[in-house]
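Trainee: I have a model open here and would like to talk it through with you. Could we go over it piece by piece?

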Amino acid sequence: MRLVAVAAIGLLALTGCGKKGRHSSGSGGFISGGGGDAPLSTPSGLPTDLPSGIPSYTPSYTPSYTPSPSYSYSTAPSYDTDARNNISASGCDYNESTSSLEYTLTVNNNETQSMRFSISIVWNDNADNGLLGSDYQSVTVAPGSSQTVKATSYRTLYKATTFTCKIQSAYKFAN
């Protein structure tokens with residue numbers, strides 16, 4: 001109850017509504033002007049032994065925290081991302097009926113998890129080592145399995161050309 005009385009006195013003091021003969025014109029709580037007014041006196045009938053400061057509060061219930069079981073995280077399995085040793089290639093050839101350079105790749109996954117292989121293949125002219133074609137293959141292989149893919153680059157050859165097929169880059173990633 002004392003706290004309510006203190007709040008009411010503070011509100012009256014801030015708005016100026018406790019002063020005799022002074023009322024706001026309805027446009028706010030503070031009255032402008034003058035300055036030599038006498039300080040406000042304490043209204044009669046209110047207790048004068050109010051405590052100063054904010055009362056302290058001690059909760060009767062203190063929550064306790066029990067941590068959940070700890071988890072252990074294992075590190076990611078380590079494997080070599082270079083996949084060139086996982087690929088065997090054969091059939092470096094030119095298919096005249098489809099006008100395409102071809103190369104057959106067998107991708108082996110010797111890991112214990114599924115892996116995605118990203119493979120870049122190029123065909124180079126043996127006469128000047130110029131680029132005849134290229135292809136990119138992305139294949140996912142189950143653990144302990146292999147998969148065969150055919151790399152193809154469409155190119156019409158007008159003269160007899162000798163060329164080589166080459167795996168330019170091969171990487172594997174956990175899938």
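This is a predicted model: local features need pLDDT of at least 70, side-chain atom pairs count only at pLDDT 80 or more; totals for chains, interfaces and linings use all residues.

Trainee: How far apart are the sulfur atoms of Cys92 and Cys165?

Mentor: They are 1.8 Å apart, and the two residues form a disulfide, the one disulfide that the structure holds. Cys92 lies in strand β1 (residues 87-95) and Cys165 in strand β6 (residues 163-174), so the bond ties together parts that are 73 residues apart in sequence.

Trainee: Which hand does the link of Cys92 and Cys165 have?

Mentor: The link is right-handed, with 85 degrees about the S-S bond.

Trainee: Switching to the strands, what is the order in the open sheet?

Mentor: Three strands form that open sheet in the order β4-β3-β6, and their pairing is antiparallel. β4 (131-141) and β6 are the edge strands, each of them pairing on one side only, and from one strand to the next the twist averages 15 degrees.

Trainee: How many bridges are there between β3 and β6, and how many between β3 and β4?

Mentor: Strand β3 (residues 115-125) pairs with β6 over eleven bridges, while ten bridges join β3 to β4. If you want landmarks to click on, Trp123 stands opposite Cys165 in β6, and Phe117 stands opposite Val139 in β4.

Trainee: Why is β3 described as largely enclosed?

Mentor: Ten of the eleven residues of β3 are buried, so the rest of the structure largely encloses this strand.

Trainee: Then which residues touch the most other members of the largest nonpolar core?

Mentor: That core has 22 residues, and the ones touching the most other members are Tyr103, Leu105, Phe117, Ile119, Trp123 and Phe163. At least two core residues are supplied by each of β1, β2, β3, β4, β5 (146-154) and β6, with the largest share, five residues, coming from β3.

Trainee: What is Phe163 in contact with, leaving aside its neighbours within four places in sequence?

Mentor: Its contacts include Cys92, Tyr94, Leu101, Trp123, Leu132 and Leu157, and also Asp93 and Asn124.

Trainee: Last topic, confidence: where is it lowest and where is it highest?

Mentor: Helix α1 (residues 2-15) is lowest, at a mean of 57, whereas strand β2 (residues 100-108) is highest, at 97. The chain averages a pLDDT of 79, and 61% of the residues score at least 70.

Trainee: Over which residues does pLDDT stay under 50?

Mentor: That happens over residues 22-27, for which the model has six contacts beyond four places in sequence.

Note on methods: Residues are numbered from 1 along each chain as its sequence is written. Side-chain values use heavy atoms; hydrogens and water are left out. A disulfide is a pair of cysteine sulfur atoms within 2.5 Å. Helices (H or I, at least four residues) and strands (E, at least two) are DSSP runs, numbered from the N terminus. Two strands pair if DSSP finds at least two bridges between them. Axes are lines fitted to C-alpha atoms, for helices over the stretch in contact, and angles run from 0 to 180 degrees between N-to-C directions. Buried means under 20% relative accessible area, exposed over 50%, partly exposed in between (1.4 Å probe, protein chains only). pLDDT is the predictor's confidence in each residue, from 0 to 100. Contact means heavy atoms within 4.5 Å. A nonpolar core is a set of buried Ala, Val, Leu, Ile, Met, Phe, Trp, Tyr and Cys residues joined through side-chain atoms within 4.5 Å.
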